[in-house]
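Dear colleague,

Please find below the structure that I am handing over to you, with its sequence. A summary of the findings follows it.

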Amino acid sequence: MKDFLSLVNKRYSCRNYSNKPVERETLLKCLEAARLAPSACNSQPWKFIVVDDNLLKERLTAAAFSAPYTASWPGKAPVIVVVVSDKGSFMARVGNMMRDTRYYLLDLGIAVEHFVLQATELGLGTCWMGWFNEKQVKAVLGLPSSARVEILLPIGYPAKKETPKKVRKSIEKISSFNR
C-alpha cells in the first residue's frame with residue numbers, strides 16, 4: 001500500500017471467500033497488529049481465538065448462525081476469529097464508572113480494526129460480525145458463561161477482486177473546526 005488512506009479505502013466487508021487456506025504466518029501478523037493496539041491503562045482487554053480447524057469451524061458457524069441469527073456465507077471463510085473481551089484493569093474499570101463509558105469496548109474496537117487493516121494489507125478479506133448466537137459460540141468453544149464474545153470475524157482470501165462501493169457522508173457533515 002502506498003499510503004494509509006489507500007489501505008482504508010481498500011478495506012470492505014468481504015462475504016465471498018476463495019477456498020485458499022490462510023497461512024498461519026499471515027494470521028500471526030494480523031494478531032501482532034492487534035496486540036500492538038493501544039488500550040485504556042494498557043489493560044489490553046481482548047483475546048483472539050483463531051478457529052482454522054475445519055470441523056470446529058463448521059460446528060462453530062452452525063451454532064453461531066442458527067435461527068434467528070441466520071447467515072450461511074461465514075462458514076465458507078477458511079478462518080473465523082472469535083474476539084472475547086474482558087472488563088480491563090481496575091483503573092480502566094474506575095474510568096468506566098467515572099465517565100459512564102465502556103472503554104474496554106473502545107479498546108477492543110481499536111484492536112480489531114488493527115487486525116482487519118493488517119489483513120487487508122496482506123490481501124485478505126474480513127467481515128466484522130456482531131449478530132450471532134453468543135451462547136452457542138461459548139458452548140462450542142468451551143468458554144465459561146462469564147466470558148463475553150463480542151465479535152466474529154470471518155477471514156479469507158476474497159473469491160474475486162471487488163471494488164468497495166463506499167457511501168459515506170461528506171467531511172462537512174461529520175466534522176467541524178472550532179465549534
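Predicted model: local features only at pLDDT ≥ 70, side-chain atom pairs only at ≥ 80, totals over all residues.

Aromatic pairs

The count of aromatic pairs comes to 2. In one of them, Phe48 and Phe115 are stacked, with 5.7 Å from centre to centre and 10° between the planes. This pair links distant parts of the chain: Phe48 belongs to strand E1 (residues 46-51) and Phe115 to helix H5 (residues 103-121), and the two are 67 residues apart. Phe48 is buried, its relative accessible area being 14%. Phe115 is buried as well, with a value of 0%.

Tyr69 forms a pair with Trp131; the ring centres are 4.7 Å apart and the planes stand at 55°, so this pair is classed as tilted. The assignment follows because planes under 30 degrees apart would count as stacked and those over 60 as edge-to-face. Tyr69 is in the loop between helix H3 (54-64) and strand E2 (79-85), while Trp131 is in the loop between strand E3 (125-126) and helix H6 (134-141); the pair therefore ties together parts that are 62 residues apart in sequence.

A charge over a ring

A further aromatic side chain, that of Tyr157, has the charged end of Lys20 over its ring. The distance from the charged end of Lys20 to the ring centre is 4.2 Å.

Thr61 lies in helix H3. With a relative accessible area of 12%, Thr61 is buried, since the limit for that class is under 20%. A polar atom of the Thr61 side chain lies 3.3 Å from the backbone oxygen of Glu58.

The nonpolar surface patch

Which residues make the nonpolar surface patch of about 320 Å²? The patch is made by Phe4, Leu5 and Val8. Of these residues, Phe4 is found in helix H1 (residues 4-10). Phe4 has 54% relative accessibility and so counts as exposed, in contrast to Phe48, which is buried at 14%, and Phe115, which is buried at 0%.

With kind regards

Terms used:
Residues numbered from 1 in each chain as written. Heavy atoms only, no water. Patch = residues over 30% accessible without salt bridge, like charges linked within 9 Å, V, L, I, M, F, W, Y side chains within 5 Å. Areas by Shrake-Rupley, 256 points an atom, 1.4 Å probe, with all protein chains shown as cover. Salt bridge = Lys/Arg side-chain N within 4 Å of Asp/Glu carboxyl O. Helix = DSSP H or I, 4+ residues; strand = E, 2+ residues; numbered from the N terminus. Buried < 20%, exposed > 50% of the residue type's maximum accessible area, 1.4 Å probe, protein only. Phe/Tyr/Trp six-rings, centres within 6.5 Å; stacked < 30°, edge-to-face > 60°. Lys NZ or Arg CZ within 6 Å of the ring centre and 35° of its normal. Polar contact = N/O pair within 3.5 Å; in protein donor to acceptor, adjacent residues only side chain to side chain.
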